[in-house]
Amino acid sequence: MRVTFMYERIRNLREDCDITQATLATKLNISQTTYSRYENGVLDIPSYALIKLAKFHNTSIDFLLDVTDDKKPYSRKR
């Protein structure tokens, strides 16, 4: 099972943007501690946070969840 890879993927995306956990947590309206727990796999990431993360990183939820290696986002509903 590759679940831990999902958490590595969201950490790598954040680090690639050179932003801190605190900064991204603010964008998600959560605490830095909660975001850290997402990255470490201690807490499951709720769907609203996955949607916000996908939009922030301009990718798809499938990419975040390691369902695909294609980072390109799907077309979005308006």
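Predicted model: local features only at pLDDT ≥ 70, side-chain atom pairs only at ≥ 80, totals over all residues.
**Entry 1: Arg9 and Asp66**

I then checked where the partners sit: Arg9 belongs to helix H1 (residues 3-16), while Asp66 lies in the segment after helix H5 (61-64). The two are 57 residues apart, so this pair links distant parts of the chain. A reminder to myself: side chains of opposite charge can pair when their charged atoms come close.

**Entry 2: Arg11 and Glu39**

Next I moved along H1 to Arg11. Which residue does the side chain of Arg11 meet in a salt bridge? I found Glu39, at 3.7 Å from N to O. Here too the pair links distant parts of the chain, since Arg11 is in helix H1 and Glu39 is in helix H3 (residues 32-39), 28 residues apart.

Glu39 has a relative accessible area of 2%, so Glu39 goes down as buried. The cut-off that I used for buried is under 20%.

**Entry 3: Arg14 and Glu15**

I also looked at Arg14 and Glu15, whose side chains meet in a salt bridge at 4.0 Å, N to O. Arg14 is buried, because its relative accessible area is 9%. Glu15 comes out at 40% relative accessibility, so I wrote Glu15 down as partly exposed.

Then I put the pairs together. Arg11, Arg14, Glu15 and Glu39 are linked in a network of salt bridges. How many salt bridges does the count come to? My notes say five.

**Entry 4: Helix H4**

I turned to helix H4, which covers residues 47-56. Which residues of H4 are buried? I listed Ala49, Leu50, Leu53 and Ala54. Looking down the axis of H4, I saw that the buried residues fall within an arc of 135°, so they line one face of the helix.

What do the buried residues of H4 pack against? I found helix H2 (21-28), along with H3 and H5. H3 is already in my notes as the helix that holds Glu39.

Last, I checked what follows H4. I found Asn58 there, with a positive phi near 55°.

Note on methods
Residues numbered from 1 in each chain as written. Heavy atoms only, no water. Helix = DSSP H or I, 4+ residues; strand = E, 2+ residues; numbered from the N terminus. Buried < 20%, exposed > 50% of the residue type's maximum accessible area, 1.4 Å probe, protein only. Arc of directions from axis to C-beta. Contact = heavy atoms within 4.5 Å.
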